[in-house]
Amino acid sequence: MKISVVSGKGGTGKTFVAVNLAVTAQDAVYMDCDVEEPNGRLFLKPNVTRELPVHILVPHIDSVRCTGCRKCVSFCRFNALAMVKGKPILFPEICHSCGGCSLVCPVGAISERPLQVGAVQLGYVGSGKETRPSLRIVTGVLSIGKVSAVPVVKATLDAGAALSYDDAQADVASQMVSVIDCPPGSGCSVLESVAGSDFCLMVVEPTAFGFHNFRMIEQIPKQLGIPCAVVINKDGEPYAPLEAYCAEHSVPILARIPYREDLTEILSEGTLAVKADRELARLFEQLLRAIVDGGEA
Amino acid sequence: MTIAIPVDEGGKTVCVSFGRAPYFLFHDDGTGNTRVLANPAADSPGGAGVKAAQFVADAGADSLIAFRCGQNAAQVFSASNVAIYRAEGVSAEENLKALEAGRLPVLATFHAGFHGAV
């Protein structure tokens with residue numbers, strides 16, 4: 001079962017919920033798709049065993065063959081190509097790697113070449129002496145200066161899916177919990193992270209800002225037809241509009257993580273709350289059970 | 001010499017955006033002719049700056065007056081030898097006069113894109 005963890009607003013506690021949920025699930029795969037700042041590893045401290053480069057294809061233009069006909073420029077929907085004084089200019093960071101320019105070029109001047117935009121790190125939590133590591137960690141890392149997170153998110157999800165089938169029977173793998181730590185916001189890379197999941201957990205802060213962002217993010221699982229529920233983080237005084245909205249639209253609130261200063265301290269030290277705090281350990285066990293049981297029912 | 005200015009609806013005021021301005025004003029200071037043409041990049045899903053710069057360069061502009069300009073568009077202008085000046089005040093006409101009088105500064109800093117933000 002793949003559980004995607006989202007929050008519209010950054011700093012709501014997405015990684016906090018995702019890592020603690022993964023640790024609670026034990027036999028699980030944790031995929032960090034927040035590739036611009038993959039912070040899950042700060043808490044999980046995985047032993048990284050492999051690193052796979054992530055490439056995209058970008059056009060390479062043979063300026064000798066190019067006749068300056070502009071077919072590629074007019075074809076590119078994202079305007080990644082320009083033609084000035086008969087010479088092509090390429091903007092690889094705008095390119096969406098569709099390959100269309102190389103297809104429409106009448107003189108075969110455009111070929112596609114790989115460009116590394118990031119990497120996927122595979123690792124596990126444990127001493128390495130276990131016969132089979134229980135918690136596997138897949139971390140997507142977008143290279144510095146690269147702008148499109150989606151290819152790295154895709155590669156992270158693919159690597160994670162392969163890992164959950166790696167040495168397990170198919171039926172075991174389908175039961176194995178995968179926790180997908182999604183990027184913040186509600187953009188393309190979030191959609192990509194949520195799309196293949198079986199359940200979407202929305203972390204929400206009980207504030208006006210948190211509620212506003214929740215309303216945006218909530219559209220994603222709804223439109224994708226993925227079951228979803230809310231976890232309120234930094235809970236204190238109930239935020240009435242959020243409570244009313246969830247009640248009215250039948251969005252279950254599965255857990256309320258209290259606002260506690262000592263939790264902030266635990267977090268700032270890179271410690272897992274479920275290891276350091278009994279109340280939190282119980283809370284996450286109940287949360288996981290509610291998701292898994294609810295997902296099967 | 002042809003001078004291009006991104007302009008708002010009505011064609012009289014300089015638009016704050018370059019790539020997504022609804023129109024471009026082209027002024028030929030030799031003939032005194034002024035044309036206002038729709039910007040084909042205005043509702044582009046991405047790369048509006050590149051497309052708008054291509055449009056301005058293709059229209060034969062030698063100079064551009066704008067409040068701001070992105071790095072990608074600046075690269076297109078640099079390749080096509082279009083000089084970029086920083087607009088002062090909102091009136092397109094006043095800016096043309098100021099350029100003629102040599103009072104407009106060269107725009108030398110280019111942003112990395114706003115991508116939906118303003």
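Chain A and chain B touch each other through ten residues of chain A and 15 residues of chain B. On the side of chain A that touches chain B, seven of the residues are nonpolar, one is polar and two are charged. The model is predicted.

- Chain A holds an open sheet of nine strands with mixed pairing, in the order β3-β6-β7-β2-β8-β1-β9-β10-β11.
- The edges of this sheet are β3 (47–61) and β11 (253–258) of chain A; each has a single partner strand, so one side of each has no neighbour in the sheet.
- From one strand to the next, the twist averages 20°.
- Within the sheet, strand β2 (residues 28–32) of chain A pairs with strand β8 (residues 177–181) of chain A in the parallel sense, over five bridges.
- Tyr30(A) has Val179(A) as its bridge partner in β8(A).
- Helix α7 (residues 188–195) of chain A packs on the sheet, where it touches β1 (2–6), β8 and β9 (199–204) of chain A.
- The direction of α7(A) makes about 155° with that of β1(A).

**Two loop residues of chain A with positive phi**

- Lys85(A) is a residue other than glycine, yet its phi is positive, near 50°.
- The place of Lys85(A) is the loop between β4 (81–84) and β5 (87–90) of chain A.
- Lys85(A) counts as exposed because it has 9 C-beta neighbours inside 10 Å, and the cut-off for exposed is 12 or fewer.
- Ser250(A) is not a glycine either, and its phi is positive at about 55°.
- The loop that holds Ser250(A) runs between α10 (240–248) and β11 of chain A.
- Ser250(A) has 6 C-beta neighbours inside 10 Å, so it counts as exposed.

**Strands of chain B**

- Strand β1 (residues 2–7) of chain B is mostly covered, with five of its six residues buried.
- Strands of a sheet pair through backbone hydrogen bonds, in either a parallel or an antiparallel sense.
- β1(B) pairs with strand β2 (residues 23–28) of chain B over six bridges, in the antiparallel sense.
- In β2(B), the residue opposite Pro6(B) is Phe24(B).
- β1(B) is also joined by two bridges to strand β4 (residues 63–66) of chain B, and these two strands run parallel.
- Ile3(B) has Ser63(B) as its bridge partner in β4(B).

**Two helices of chain B**

- Helix α1 (residues 48–58) of chain B and helix α2 (residues 71–79) of chain B have axes that come within 8 Å and cross at roughly 25°.
- Angles under 35 degrees count as roughly parallel, and α1(B) and α2(B) are therefore roughly parallel to each other.
- The crossing in which α1(B) passes α2(B) is right-handed.
- From α1(B), the contact is made by Gly49(B), Val50(B), Ala52(B), Ala53(B), Gln54(B) and Ala57(B).
- From α2(B), the contact is made by Asn72(B), Ala73(B), Val76(B) and Phe77(B).
- The residues in this contact of α1(B) with α2(B) divide into seven nonpolar and three polar, with no charged residue.

Note on methods:
Residues numbered from 1 in each chain as written. Chains lettered and ligands numbered in written order. Predicted model: local features only at pLDDT ≥ 70, side-chain atom pairs only at ≥ 80, totals over all residues. Contact = placed C-beta atoms within 7 Å. Nonpolar A, V, L, I, M, F, W, Y, C, P; charged D, E, K, R; others polar. Buried ≥ 20, exposed ≤ 12 C-beta atoms within 10 Å, placed from the backbone. Helix = DSSP H or I, 4+ residues; strand = E, 2+ residues; numbered from the N terminus. Pairing = 2+ DSSP bridges. Axes fitted to C-alpha atoms, helices over the stretch in contact; angles between N-to-C directions. Parallel < 35°, antiparallel > 145°, perpendicular 65-115°, else oblique. Left-handed = near helix turned anticlockwise from the far one by under 90°.
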